[in-house]
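Hello,

Here is the structure for you to look over. My notes follow it.

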Amino acid sequence: MANASPLKPRSKRVLPGFGLSLGVSLLFISLVLLLPLTGLVAETAGMTWSQFWFVISDPRVVESYKITLWTAFLASLFNGAFGLLLAWVLVRYEFPGKRLIDAMVDLPFALPTAVAGITLATLFSASGWYGQWLEAVGISVAYTPVGIIIAMAFTSIPFVVRTVQPVLEAMPPEDEEAAITLGAGDGRVFRKVIFPSLWPALLTGIALSFTRSLGEFGAVIFIAGNTPYETEVTSLMLFVRLQEFDYAAASAIASVVLLVSLVLLFAINLWQGRYLRRLHGK
Amino acid sequence: MSIKIEHLNKTFGSFRALRDISLDIPDGKLTALLGPSGSGKTTLLRIIAGLENASDGRILFGERDISRLPVKERNVGFVFQHYALFRHMTVAQNIAFGPESLPKAQRPPKAEIRKTVTRLLEMIQLPELANRYPAQLSGGQKQRVALARALATRPDILLLDEPFGALDARVRKDLRRWLRGLHDEFHFTSVFVTHDQEEALELSDQVVVMSQGQVEQVDSPTRLYASPASRFVFDFLGHVNIISGSVTDGWLQQGNARVSLPGVSVSGDAQLYLRPHEVRLSVEPGDRACLPFTIEAINLIGAEVRVELKPDGWACDDIWEVGISHGEFSRWQPARGDRCFVTPDIGHLFRNGDNRPETVAWT
């Protein structure tokens, strides 16, 4: 039975090229993402489990995990608050120089991170512009974990601003007006109406900022001082292993960072999917 | 609570959105603000709510001047065209939002809020949807929830901004009837904005017709329809047939069309407005008027047969429309291209430069 009538459209899609575009995307993902990842796994695959465990549980490396985790955590938390504020100001108010500030938000992405690191180290060193004042009140930033946090926060702030901004822009003003007519004060409107709508985007921004900070190298090493057990971050440990031509050990440490980042991003995505399904139905 | 608006003005930059509006909105009645888009009706509603500030003028709720009060102290309920439900809250949480926003001293206990929510859910006939999220509701259901949420704070005044504008025709009709019923039961003072004259006339006790930031006419639906006070109101309330001509010795004349104007003594250029139900069709001219036409189209669908007419030997901007009964239609059997004449019963004469009509009655 011939059921392919000549009137039947061959495809329901409006634009052709699904096969081609998906193919190119997959190829590209394979080349820039999967291939290096495979290389990483292959490199560690040469090790036995005990060797792997020995490398990643080295006390100095473990200390670096701790430092990296808590500095990245504080940096992303700071970015969550400050990034939200920045996005808020950029969306809600009109003021001269707004477009300039908007453009400057991307600066940390455009700037080589090493340049940022050197600049921050200079500014916050004991004799630097900011450092001398902070030093006078007993706060030292350069060569301490505080310096690491500042460097991490600087390089990853755009993640928060750029994820929150579009959501804030798309938020209908009626929701706030409805809340006001129902008698809610400003604080309540923000907590109960605005914030819950922003929350998924903000959390994504914070998570991206966090994972980026976990791997930050260029900006951090110049300001961190890199004292073993005190201000060494994991990416530095990686670098050290590479300098010793111990590629397997470097890969092992890298795989730990990678795993943490992936698990975090996956968890956030899962949670966010559930939350957004509630907002958009189904 | 009644609303009194005194000499209200609103400008946005150099644009005058509202010009010297003075208006009384009676207690316990449904008032419609009717006008085309850009007429200022929504701005007026938002100023009453306090969501917008007037440039000058006063608003009184009852005897109290509330012009300077912030929104949340005005105790108004506001319903938005696109519902504006909080998407991350369930239906019940949405409705409870108002009572829970009260300052601690006035806030009712949790159990009482729960009771209010249950009562309102029953009133909007959706008690089974309490734990749904707005995204899971239809448009009509969303608007009912929005209404329940607005009523949960026991507002003195309910304001609705094109409440049925985003709904399809059938749901709109249902919801309209339901709101009317609800209003007849509870008698809250309500003001709603609409651009749909049918909606305004069907639903309201009083209609405020607005155009270009000004009030054109305030009247009950019946009086408004019976005697529109200006050209604008005529045009806005449905089809109207117009003949322009010059008046001499009590006759309006243009080309080979002429209409007697009993009781009109002035002369000069003028327009005569005749509404479809205020004229009759005949095969011969009567002694009141000679308005010759050819039949352009006949539409049989509806309670009446609608006949579209093209002037014969004179000119007008818009095609004429006349309604005849189905009985008359089958007796007379007119067809396209037939010649016929219009005989007026009641007309409204606008002299050039004059915005108030003079009613002409032939009987």
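This is a predicted model: local features need pLDDT of at least 70, side-chain atom pairs count only at pLDDT 80 or more; totals for chains, interfaces and linings use all residues.

Residues are numbered from 1 along each chain as its sequence is written, chains are lettered from A and ligands numbered from 1 in the order in which they are written, and side-chain values use heavy atoms, with hydrogens and water left out.

Cavities

A cavity here is a set of points, on a 1 Å grid over the protein atoms alone, where a 1.4 Å probe fits but cannot get out; lining residues have an atom within 4 Å of a point. Points are joined across faces, edges and corners, and the volume is the space filled by probe spheres set on them. The structure holds three cavities of 30 Å³ or more.

Helices (H or I, at least four residues) and strands (E, at least two) are DSSP runs, numbered from the N terminus. On that numbering, α4 and α5 (169-186) of chain B each supply at least two residues of this lining.

Interface

Contact means heavy atoms within 4.5 Å. By that rule, 22 residues of chain B touch 21 residues of chain A. The two chains bury about 2,100 Å² between them, 64% of it on carbon and sulfur atoms. Buried area is the accessible area (1.4 Å probe) lost on putting the two parts together, summed over both. Arg87(B), His88(B) and Phe97(B) supply 29% of the area that chain B buries against chain A, more than any other three residues.

Salt bridges

The rule is a side-chain nitrogen of Lys or Arg within 4 Å of a carboxyl oxygen of Asp or Glu. How many lie between chain B and chain A? The count there is one. Arg46(B) pairs with Glu177(A), with the closest N and O atoms 2.6 Å apart.

Within chain A, Lys66(A) forms a salt bridge with Glu63(A), at 3.9 Å between the closest N and O atoms. Both lie in helix α3 (residues 59-92) of chain A, three residues apart, about one turn of the helix.

Best wishes

Notes:
On a 1 Å grid over the protein atoms alone, a cavity is a set of points where a 1.4 Å probe fits but cannot get out, and a pocket is an open set with protein on both sides within 12 Å along at least five of seven lines; lining residues have an atom within 4 Å of a point.
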